[in-house]
Amino acid sequence: VEALRQELSAGALALIAEVAEREVPKTEKQGLLTPQEVAIGHLPGVVTGVFASEECTFVTVEGAVPYGCGLNGDGQVGL
């Protein structure tokens, strides 16, 4: 936790967290994969595209790197 605080105070803008794999119950998966609204107001710049698939979504922002979100259980988000 202290290392995270130091990185944030040094100006880190992103965090990639890796957690141990676990068996996810089917009901939990269904809840996670139900389409939901995603807040994008915090993204820098104008959103130029939204690309959705079965298990992940990507948003492109003018003049910035693309953003991806999803379960990534099979590497579909690219992490």
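**View 1. Thr 57 and Cys 69 pair across two strands.** In this predicted model, Cys 69 of strand 3 is the bridge partner of Thr 57. Strand 2 and strand 3 run antiparallel, joined by 4 bridges.

**View 2. Ala 64 lies in the loop between strand 2 (56-61) and strand 3 (67-70).** Buried would require under 20%, exposed over 50%. Pro 44 is 20 residues from Ala 64 in sequence. In space, the C-alpha atoms of Ala 64 and Pro 44 are 7.5 Å apart.

**View 3. Helix 1 (residues 2-9) lies largely in the open.** How many of its 8 residues are buried? The number is 0, so helix 1 lies largely in the open.

**View 4. Three leucines form a nonpolar patch on the surface.** The members are Leu 4, Leu 8 and Leu 15. Together they have about 310 Å² of accessible area. In an α-helix, residues three or four places apart point the same way, because there are 3.6 residues a turn. Leu 15 is placed in the loop between helix 1 and helix 2 (26-33). Leu 15 has a relative accessible area of 62%, so this residue is exposed.

Key: Residues numbered from 1 in each chain as written. Predicted model: local features only at pLDDT ≥ 70, side-chain atom pairs only at ≥ 80, totals over all residues. Heavy atoms only, no water. Buried < 20%, exposed > 50% of the residue type's maximum accessible area, 1.4 Å probe, protein only. Patch = residues over 30% accessible without salt bridge, like charges linked within 9 Å, V, L, I, M, F, W, Y side chains within 5 Å. Areas by Shrake-Rupley, 256 points an atom, 1.4 Å probe, with all protein chains shown as cover. Salt bridge = Lys/Arg side-chain N within 4 Å of Asp/Glu carboxyl O. Pairing = 2+ DSSP bridges.
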